[in-house]
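User: I'm new to this structure and would like to learn how to read it. Could you take me through it feature by feature?

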Amino acid sequence: SRNIVKKVEVRRNVAFDAATGKATVIRDIKFKNRWYGQERVDDPKAEFDDLNFARAVGSDLAQIYKAYPGASQLVRLRKPTSPGAYTAEREAWMQAFAENQGERMKALLVELGVPETSIKVSVEFAGPNAPAGMFYLVVPSQSFAENKKAKEAQCVEETKAIMARQNVKFDFDLGKCFCVKEIAWKSRVCGPKGMEAPIAELAEPDEAKKVFGDMVAIWQVWRVPANLYADVNDMGTGDPCMEEWFQQLGRNRAMFVQRELEDLGIPRGQLEAMISGDRKDPPRRSRSADPHVLACTCSAPPSPEMKTPGLQAQKIRIKANLQKAAFAHRIEDIPLLEECLAEARRMRLEEHWSRVDSLISDAENNLKVLYQRKRRQQAWELSKDRQNALAKVTIAKVTQDSMAAIGMVTNNLLPVHAF
């Protein structure tokens with residue numbers, strides 16, 4: 001394997017790092033240009049500008065794969081764009097073009113003898129130190145696998161040490177953390193005679209802090225995005241309002257725990273709170289299923305590499321629309337803004353897409369402003385003549401003098417609602 005890598009690196013097309021199993025293309029692979037503009041929009045089909053040169057680079061990548069065969073990841077890098085720089089449609093077109101370029105390189109590798117099922121293609125935004133070729137291939141090199149195994153063993157030992165405190169337990173097969181000591185909450189009343197607000201409040205804060213501290217310690221060992229579940233049993237009341245109350249109480253308690261864990265050190269955006277009714281079955285991960293991930297991971301939404309290209313393009317379009325909606329200033333834009341918010345909320349619920357919460361909040365605030373402006377405009381249009389409108393609420397001086405003469409006191413203006 002090392003001899004093969006040395007021969008490949010002599011040609012200076014690919015650089016290989018045995019510690020990470022990463023084969024980086026260091027020479028620029030160009031594709032034929034495609035046009036996107038007002039005049040026309042080309043099909044985002046990927047074709048090599050120089051097929052012979054692309055085949056030479058692909059041959060080196062195929063040699064790397066043959067030296068370290070197994071499940072591999074081919075990543076196509078694209079230049080980052082500033083938010084709002086392009087329309088949602090153009091951003092989706094650019095994403096599809098990059099994905100097609102990755103698929104075209106994969107097809108070339110398949111022609112050169114790499115099994116099609118062993119390579120997955122993904123697209124990422126390039127960083128400041130991106131290679132000139134804007135491609136890299138990650139293969140399961142022996143040293144990479146050894147480092148991964150050693151790190152996993154270290155994480156297992158650290159997790160067992162945390163579990164010894166008897167506050168939490170961890171399932172290494174499913175990647176789930178459970179509370180050994182049940183968290184005590186202050187009871188809330190919900191019944192036919194009345195309902196209290198479904199507020200989450202701890203009954204024993206000191207004991208709960210111990211559990212929260214160990215949950216944070218478990219996360220810091222594995223450091224992956226995770227779902228935070230609150231189990232809500234079906235109370236069987238038959239009353240939809242009461243059932244909704246219990247579900248809302250469960251959500252509030254889950255969000256309370258999420259805030260506590262974030263205050264104790266888990267970065268924001270890494271946890272997503274939900275109740276048992278919202279649960280989606282996470283992908284089963286183990287050593288035998290995928291050698292590139294740790295055998296022990298937390299229950300979490302699928303990683304970006306596992307999402308379909310169509311879903312990625314749809315999310316890019318929704319984010320671009322939300323960014324525009326936050327700065328819309330015309331009353332005529334209200335229907336489009338409502339449609340954009342409805343689509344974003346639906347995607348937020350279906351895909352547990354928490355990273356878009358701030359954009360949804362900005363768009364909702366802007367929608368409130370536009371509705372206020374619309375109400376003012378409608379109220380103003382009730383009277384075409386502003387002076388006549390003000391005259392209707394002004395008491396004539398003669399009437400005022402007459403009322404004062406009989407001992408009545410009044411103000412000059414009647415109280416009115418501002419437009």
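User: Let's start with Glu 91: which helix is Glu 91 found in?

Analyst: Helices are DSSP runs (H or I, at least four residues), strands are E runs of at least two, and both are numbered from the N terminus. Glu 91 is in helix H3. Keep in mind that this is a predicted model, where local features need pLDDT of at least 70, side-chain atom pairs count only at pLDDT 80 or more, and totals for chains, interfaces and linings use all residues. Residues are numbered from 1 along each chain as its sequence is written, and side-chain values use heavy atoms, with hydrogens and water left out.

User: Does Glu 91 count as buried or exposed?

Analyst: Buried means under 20% relative accessible area, exposed means over 50%, and partly exposed is in between (1.4 Å probe, protein chains only). Glu 91 has 8% relative accessibility, so it counts as buried.

User: And which residues is Glu 91 in contact with?

Analyst: A contact means heavy atoms within 4.5 Å. Setting aside neighbours within four places in sequence, Glu 91 touches Arg 78, Thr 81, Tyr 86, Phe 125 and Ile 316.

User: How do I check the span of H3?

Analyst: Take 1.5 Å times one less than the number of residues; that is the expected span of a helix. H3 has 24 residues and should span 34 Å, and its end C-alpha atoms are 35 Å apart, which agrees. Just after H3, Gly 113 takes a positive phi of about 110°.

User: How should I read a pair of aromatic rings?

Analyst: You describe the pair by the distance of the centres and the angle of the planes. Rings of Phe, Tyr and Trp (its six-membered ring) pair if their centres lie within 6.5 Å; planes under 30 degrees apart are stacked, over 60 edge-to-face, and the rest tilted. There are 9 aromatic pairs in the structure. One of them, Phe 16 with Tyr 68, is stacked, at 5.2 Å centre to centre and 20° between the planes.

User: Why does that pair tie together parts that are apart in sequence?

Analyst: Phe 16 belongs to strand E1 and Tyr 68 to the loop between H2 and strand E3 (72-78), so their pairing ties together parts 52 residues apart in sequence. Phe 16 and Tyr 68 are both buried. Trp 93 and Phe 97 make a tilted pair, with 5.5 Å centre to centre and 35° between the planes.

User: Why are Trp 93 and Phe 97 separated by about one helical turn?

Analyst: An α-helix has 3.6 residues a turn, so residues three or four places apart point the same way. Here Trp 93 and Phe 97 are 4 residues apart in helix H3, so about one helical turn separates them. Trp 93 is buried at 13% relative accessibility, and Phe 97 is buried with a relative accessible area of 13%. Elsewhere, ring pairs link Phe 31, Phe 48 and Phe 135 into a cluster.

User: What about charges over rings?

Analyst: Look for NZ of Lys or CZ of Arg within 6 Å of the ring centre and within 35 degrees of the ring normal. The charged end of Lys 22 sits over the ring of Tyr 136, 4.1 Å from its centre. Lys 169 lies over the face of Phe 178, 5.9 Å from the ring centre.

User: How many residues are in the largest nonpolar core?

Analyst: A nonpolar core is a set of buried Ala, Val, Leu, Ile, Met, Phe, Trp, Tyr and Cys residues joined through side-chain atoms within 4.5 Å. The largest one has 28 residues, and Ile 29, Leu 61 and Met 105 have the most contacts inside it. H2 gives the largest share of this core, 8 residues. Apart from it there is another core of 26 residues, among them Ile 162, Val 168, Ile 183 and Met 215.

User: Finally, where does pLDDT stay under 50?

Analyst: pLDDT is the predictor's confidence in each residue, from 0 to 100. Where it is low, the predicted coordinates should not be read in detail. The protein averages 76, and 76% of the residues score at least 70. Residues 392-400 stay under 50, and the model gives them 12 contacts beyond four places in sequence. Residues 403-419 are also below 50, with 16 contacts beyond near neighbours in sequence.
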